[in-house]
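Walk me through this structure, with the cut-offs behind each term. Keep it brisk.

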Amino acid sequence: MVKKITLIFAGIVSVFNLNAQVTETVSVGAGYTNDVYYSLENDEVKTIDRASWDIAFQVSGMGSTIRTNGANDVVLYGYEKGDTSHWSSVDTAGISGWKKYYNSDTSWSKGAFSETAQGMMDLGWGKYSMITHYVTADSLFVLKLANGGYKKLWIDRLASGVYYFKHADLDGSNEKLDTLRKSDYVDRNFGYYSLQNGTKTNREPDNKSWDLVFGKYAKEVAPGYVMGVTGVLANGGVSINQVNGFAVENADTLNTSFSDNISEIGYDWKKLDYATYKYAATDSLTYFVKSIVGDVWKVAFTGFEGSSTGNFMFTKEKMIALSLEEGHSLSQLGIYPNPASDFVNIVFNQREASALQLNLYSLTGKLVHTKSLNDAKAGINQQNLNVSHLPKGMYVLSINSLNDKVQQTIIVK
């Protein structure tokens, strides 16, 4: 009897700790001057001024894209009058009619410099060699900076994890040769560089420590019209499911799809009332976020205070804990919806493929349902359980492997 009571109590504690809703405020500052890197588990990770850089080099893995600080009014032009052999004779007459390039807001790996690419091996600023695995320049660029000045830029190559490049004023003065080494930015997505000052910045936190970044970014809001918008972008490896048309408390996610689009939350969850010039969060809009560690969070924005404070207000609630703790082969169970009246979705993470046993107990400890899960795979698993035939009340679900056991409470209403 003591063993049964312990099992039931553990399940009750687990469900109430997991589903606690938290109200949060994140501030990017008056005038939206900062970026805030944010962890759903640990809250704010880092706040840093956005104006300290002009271009950012991808430093993670085999990445080779280069982004611009479009939110800080940096504009990129591909040089249309020649290739790298014209470095000494760059002519910007008619630049107002040149095409402007901006970062994609769907993927971190599609920076403004990549938008000029033509063909499979063309990465925009250079071409990739299948023999050397280097990217070598074939283009020049002109950038208009936040201070209104212009710079010409030649990304010479990316070789063995090092970017080689040079920049100068349009007339050739203030020329500087520089490098940026990926190895100097371990566990970061990008290394940042100021063309104005010729300085490098390691401004990001560890890329495994954050899920979302709050701030400002460039967005094409209409064909050919790009402007700075204030919103939320997701870290690489984070996916988001946007659910519309349901009250937040009724929104479900497990039967709908998640997106890797980094601006799935974006900026359009809020609307400006032009009569009062105040923002309001959109009703019946919920985001389910699979965090960098694999947990699922329910996020709903409740307010935005505009440029006077740069405050974002929202609620968050951990729905499913799927991260694997050290020494455990199974994650905590995610059960949704809970309470339920007809069926529940059961989600868990398993380190290695193995047969499992699913058992459902009443509060008295009686086994009311059992099922062998012989097809459970390594990684995320989902099971459906029909509870429509059960009397209303509280039950404890237990999933057992050979070496581990996880429990969670189910409420049938």
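Is K208 buried or exposed? K208 has a relative accessible area of 51%, so it is exposed. The scale runs as follows: buried means under 20% relative accessible area, exposed over 50%, and partly exposed in between, with a 1.4 Å probe and protein chains only.

The model is predicted: local features need pLDDT of at least 70, side-chain atom pairs count only at pLDDT 80 or more, and totals for chains, interfaces and linings use all residues. Residues are numbered from 1 along each chain as its sequence is written, and side-chain values use heavy atoms, without hydrogens and water.

K208 has a partner. Its side chain meets that of D206 in a salt bridge, at 3.7 Å from N to O. A salt bridge here is a side-chain nitrogen of Lys or Arg within 4 Å of a carboxyl oxygen of Asp or Glu. D206 is partly exposed, with a relative accessible area of 26%. The whole structure holds 14 salt bridges. One of them joins D178 and K176, whose closest N and O atoms are 3.7 Å apart. D178 counts as buried, at 13% relative accessibility. K176 counts as partly exposed, at 31%. Elsewhere, E24, D43 and K316 are linked in a network of salt bridges.

Now take the salt bridge between R50 and D35, at 2.9 Å from N to O. R50 lies in the loop between β3 and β4 (55–58) and D35 in strand β2, so the pair ties together parts that are 15 residues apart in sequence. Both R50 and D35 are buried. Strands are DSSP runs (E, at least two residues), numbered from the N terminus; helices are runs of H or I with at least four.

Stay with β2. Strand β2 (residues 34–39) runs antiparallel to strand β3 (residues 43–49), and six bridges join them. Two strands pair if DSSP finds at least two bridges between them. N34 stands opposite D49 in β3. Three residues lie between β2 and β3, which form a hairpin. In a regular strand, side chains alternate between the two faces of the sheet.

Next, the backbone. The peptide bond from N338 to P339 is cis, with omega near 15 degrees. P339 sits in the loop between β24 (334–336) and β25 (343–350). S160, a residue other than glycine, has a positive phi, near 55 degrees. S160 belongs to the loop between β11 (150–159) and β12 (162–168). With a relative accessible area of 65%, S160 is exposed. Y277 also has a positive phi near 55 degrees, in the loop between β19 (270–273) and β20 (278–281). Y277 counts as exposed at 61% relative accessibility.

On a 1 Å grid over the protein atoms alone, a cavity is a set of points where a 1.4 Å probe fits but cannot get out; lining residues have an atom within 4 Å of a point. Points are joined across faces, edges and corners, and a volume is the space filled by probe spheres set on them. The largest cavity has about 360 Å³ of space. Its lining has 28 residues, and W53, W108, K216, Y217 and L233 are the closest to its centre. β16 gives the most to that lining, with six residues. The second largest cavity has about 30 Å³. W269, A281, T282, L285, Y287 and F301 line it.

Technical notes
1 Å grid on protein atoms, 1.4 Å probe; cavity = no way out; pocket = protein on both sides within 12 Å on 5 of 7 lines; lining within 4 Å.
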